[in-house]
Amino acid sequence: MTTDKPLRADAQRNREALLAKAREVFDAGDFFDLRFDDFARLAGVGTGTLYRHFPTREALAEAVYHEEVAMLCDRARRLRATLPAEEALATFLHGMVGHMDAHQGLARTLATLMATGSG
């Protein structure tokens with residue numbers, strides 16, 4: 001969901017709950033085993049809330065992916081600011097291997113969505 005004004009606190013909590021649950025489902029490799037509406041139930045929000053934030057399954061996957069990339073970029077900036085270049089790069093790459101291992105389900109989900117030609 002893109003908007004010019006910030007979300008209300010409750011709307012932000014609901015969005016974060018949906019993203020957290022989606023990340024769990026991705027990591028378990030169950031993204032395509034669930035109906036899209038099931039994400040709302042699992043996150044403890046209504047289906048209207050799900051569709052208001054993420055109108056499609058692909059929009060939800062994209063939001064999780066963007067959040068993951070933003071976290072990796074933030075980590076790279078922090079390392080670059082606090083460590084010598086070689087150490088920062090080595091630390092980042094070591095962490096990246098762990099990140100890739102922990103998020104194999106998300107990688108498979110994104111690969112499947114790209115292969116099916118989803119937007």
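1. UniProt, in an unreviewed entry, lists residues 12–72 as "domain: HTH tetR-type"; such positions are given in the numbering used here, feature names are shortened, and annotations may be inferred rather than shown by experiment. Residues are numbered from 1 along each chain as its sequence is written, and the model is a predicted one, in which local features need pLDDT of at least 70, side-chain atom pairs count only at pLDDT 80 or more, and totals for chains, interfaces and linings use all residues. Side-chain values use heavy atoms, with hydrogens and water left out.

2. Over residues 12–72 the chain is 75% helix and 0% strand, with the end C-alpha atoms 21 Å apart (helices, H or I, of at least four residues and strands, E, of at least two are DSSP runs, numbered from the N terminus).

3. Leu19 belongs to helix H1, residues 9–28, and is buried at a relative accessible area of 1% (buried means under 20%, exposed over 50%, partly exposed in between, with a 1.4 Å probe and protein chains only). Beyond its neighbours within four places in sequence, Leu19 is in contact with Phe54, Leu60, Ala63, Val64 and Glu67, where contact means heavy atoms within 4.5 Å.

4. The axes of H1 and helix H4 (residues 57–82) come within 10 Å and cross at roughly 90°, the axes being lines fitted to C-alpha atoms over the stretch in contact, with angles from 0 to 180 degrees between N-to-C directions. H1 is therefore roughly perpendicular to H4, a term covering 65 to 115 degrees.

5. Among the residues making this contact are Leu19 and Phe26 of H1 and Leu60 and Val64 of H4.

How values were computed: Parallel < 35°, antiparallel > 145°, perpendicular 65-115°, else oblique.
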